[in-house]
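Here is a short tour of a two-chain model, meant to be read with the structure open beside you.

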Amino acid sequence: MKGFFRALGGNLPGNLRRGLRPGVADGGNSAASRLRRSFVYHLHPLRITRRALRVSTTLGLGVVSLTAFLILSVTGVLLMIYYQPGTGEAYASMQDIQYAVALGSFVRALHRWAAYAMLVSVLLHLLRVASMGAYRGRELNWLVGLGLGACVLGLAFTGYLLPWDQRSYWAVRVSANMLDSVPFLGGAIKSMMLGGQSVGQSALLRFYMLHVALLPAGMLALVAVHLWRIRRDGGLAGAPKEGEDSELLPAWPHLVLREALLMLWVLVILAAVAALVSAPLGVPVDVHVPANPEKAPWYFLWAQELVSYSAPLGAFVIPALLLAGLVGLPFLDRENVGVGRWFGTPACRLAVLFSALAAIAALGLFEVFYMRAGPGAFFKALGTVWPDVVNPGTGMIVMALLAALTAGIATGSTRAAFLSGLVVMLVMLLGFTLIGACRGPNWVFYWPWEGWPSVV
Amino acid sequence: MGKKDKAKEKGAVSSRRDFLALAGNVGVCACGLAAAGLGARLAVPELCDGPPHKFPVGPAADFISGTLTWIRDREIFVVHDGDGFGAFSSRCTHLGCTVRRSTEGFYCPCHGASYDSQGRVTTGPARKDLPWYLTWVGSDGRVWVDTDRVADCGSKSANPEGSAARDDEES
């Protein structure tokens, strides 16, 4: 590897060589000077603990997310060469990319799979930091991370409309109407987002602007702050355990090469998947007739399932509760015990485990009673007002609060309380995603082994 | 230094320099927020695109009595029976998908809401009935609908020229 970098800068003029090659410097050849003089490595601390290097400490999820973002930027720019954001041209230009342009379907597939990888890795990254209490003393960076998470969701949502096929049009038309349930600001956000009251040319152009300019720019700025704060906040959270090896190793090559290797692996795996599985392009849009069923993309299926119980609940109450909880978390949890350990203390681990099991059991019961009776019977039994108050979504909130309360009283720890509530929400939302995936025509539940009836 | 520390202990802004620095920071932040607000204002559409809200849906003679016709481009149903013409929305009041006809009335394929033959909610996540609109037969012999004027459920205009609204049909 050393040879590779030497070869890289071998014939370059001095200044450039010093910038690229982390060893060749005016003064000395120490690890420290490599890091100090190189742009690529200036983000890293000089020395790092053994614990920080272990895979199980972070699972490298931040690096995976960053790599996905870089892949998305490059493939996104390539797609912009052919894509045209017009209601008449968009779908045709997607067909060009998919079927005519050299490497077009590969680049599009890579963009799609990298986007999915980023959604998953960003979510897991958030859960990793939350479960370790690693936001302690890093309140600002936790908020910056939440901002990044919002950007990722925004990019996924805006990018979904761009192919202008049947699924993407109806998904956005339905989501835009969800904003009507957001109090005060919903209507204004909707008309700003769509440039009118319906999803048409103005909406497509605005989504395009958000997807290729505003959100990536915001994301780039936040990524820069996020990475800078990691160093400012003293690296990874958590002191070494007693008796644990507290020896410091130079970041070059121990950390830097591991990161480079992980980035390469992410690229190789995503490229292999993109080469084998191309991204689907739906049927041309019919702006007046939705398909039956019209399903949201998998990462928003939970929201679709929730709005099918109650629009205000899925569109506003649950997202707002989750956001408020996540923003408030580092300011409510002031405990230093167990920081940097998976699920903190043994008591906390136990509380989280019990909450997860309770949530799975509740989901199973719900599956047996509610789904067997069918949502029609549920709505009939409750009339038209009560379904907004009594439904599986509010059941989830009540259960999360109960789990948080129980865990908080049993362990006396805010973090255990929060993590227990969060794990209940996660298990339930995953359950709603699976139930949403099983929805067939007319939004009726069918088991995966049952066939869907043909509908006209 | 000692003076500054004391000031900090009191938590007060003591020196002119501190005050000016604070005022500068607040000013820059305020300007940034104002600029962001103006940028957001630009994104609020002033012009309303899309088709007019008052429109003809076809010659009255084309609608056979006792039938329900879906006007695709306008996303409304037009009914014609002995009482005259009526029109109501085909957009589900839950999240705006187009409803389809069923044996009992209408259902929405997106989240399973269903309505009776008059567009009243029977089950599902929708909370409101499908809205009816003011409908009349104009002097040009065409059926007109105004989607800005909501009518009572099942209301129909007398056949053929019984509506007070017909004088403002020229648009």
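Chain B has two helices and ten strands, where helices (H or I, at least four residues) and strands (E, at least two) are DSSP runs numbered from the N terminus. From the N terminus on, its elements run α-α-β-β-β-β-β-β-β-β-β-β. Please keep in mind that this is a predicted model: local features need pLDDT of at least 70, side-chain atom pairs count only at pLDDT 80 or more, and totals for chains, interfaces and linings use all residues. Residues are numbered from 1 along each chain as its sequence is written, while chains are lettered from A and ligands numbered from 1 in the order in which they are written.

**Chain B overall**

- Of the 171 residues of chain B, 30% are buried (20 or more other C-beta atoms within 10 Å of a residue's own; 12 or fewer is exposed, in between is partly exposed, with C-beta atoms placed from the backbone).
- Among contacts in chain B between residues at least 6 apart in sequence, 38% join residues at least 24 apart; a contact means that the C-beta atoms of two residues, placed from the backbone, lie within 7 Å.

**Strands of chain B**

- Strands 5-6-7-8 of chain B, in that order, form an open sheet of four strands with antiparallel pairing, and two strands pair if DSSP finds at least two bridges between them.
- Strand 5 (100-101) and strand 8 of chain B are the edges, each with a single partner strand, so one side of each has no neighbour in the sheet.
- Inside this sheet, strand 6 (residues 105-107) and strand 7 (residues 114-116) of chain B run antiparallel and share three bridges, with B:Gly105 opposite B:Asp116.
- Strand 4 (residues 84-89) of chain B is mostly covered, with six of its six residues buried.
- A hairpin through two residues links strand 3 to strand 4 of chain B; six bridges join this antiparallel pair, and B:His80 stands opposite B:Phe85.
- Strand 4 of chain B is also joined by two bridges to strand 9 (residues 132-137), again antiparallel, and here B:Phe88 faces B:Trp132.

**Chain A**

- Chain A has 19 helices and two strands, and 37% of its 456 residues are buried.
- Among contacts in chain A between residues at least 6 apart in sequence, 74% join residues at least 24 apart.
- Helix 6 (residues 61-80) of chain A has 20 residues and reaches 28 Å from first to last C-alpha, close to the 28 Å expected at 1.5 Å a residue; the expected span is 1.5 Å times one less than the number of residues.
- Buried residues of helix 6 of chain A include A:Ser65, A:Ala68, A:Phe69 and A:Leu72, and its buried residues pack against helix 5 (55-58), helix 7 (90-100), helix 8 (104-131), helix 12 (201-232) and helix 13 (251-276) of chain A.
- Helix 13 of chain A, with 26 residues, reaches 36 Å from first to last C-alpha, close to the 38 Å expected; among its buried residues are A:Trp252, A:Leu255 and A:Leu270.

- Leaving aside neighbours within four places in sequence, A:Met118 is in contact with A:Ser65, A:Ala68, A:Phe69, A:Leu72 and A:Val152.

**Where the chains meet**

- The contact takes 24 residues from chain B and 33 residues from chain A.
- On the chain B side, helix 2 (16-43) and strand 8 (121-123) are the elements that give two or more residues.
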